[in-house]
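Please read the following points with the model open beside you. They begin with the surface and then turn to the fold.

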Amino acid sequence: MTVSDKIRILCIRRGITMRELALRMGMSPQNFSGKLKRESFSYQELEAMAKAADCQFRLEFVLPDGDVV
């Protein structure tokens, strides 16, 4: 599943449009749409997106032994 897919699901689950999410982040809907198509959101933008959607963002690696990095 791509980051864009996850963002679409996030919006559906939070009951907001992508336009609304972009505006909450202080980003134009056009810029947001372009980043969505290019899959080019930075880690900081993903954190801001989570804050705007009132949820948490986690980026982690889970090793075969169950450890998380």
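1. The largest pocket in this predicted model has a volume of about 490 Å³, where a pocket is an open set of points on a 1 Å grid over the protein atoms alone at which a 1.4 Å probe fits, with protein on both sides within 12 Å along at least five of seven lines, and the volume is the space filled by probe spheres set on the points. Of its 17 lining residues (an atom within 4 Å of a point), K6, I7, L10, Q56 and F57 are the closest to the centre.

2. The helix α1 (3–14) supplies at least two lining residues, as does α4 (43–52), and the largest share, seven residues, comes from α1.

3. The protein has four helices and zero strands, in the order α-α-α-α from the N terminus; helices are DSSP runs of H or I with at least four residues, and strands are runs of E with at least two.

4. The C-alpha trace spans about 40 × 25 × 20 Å along its principal axes, and 29% of the 69 residues are buried, that is, under 20% relative accessible area with a 1.4 Å probe, protein chains only.

5. Of the contacts (heavy atoms within 4.5 Å) with a separation of 6 or more, 37% join residues 24 or more positions apart.

6. On provenance, residues are numbered from 1 along each chain as its sequence is written, and side-chain values use heavy atoms, with hydrogens and water left out. Because the model is predicted, local features need pLDDT of at least 70 and side-chain atom pairs count only at pLDDT 80 or more, whereas totals for chains, interfaces and linings use all residues.

Key: Buried means under 20% relative accessible area, exposed over 50%, partly exposed in between (1.4 Å probe, protein chains only).
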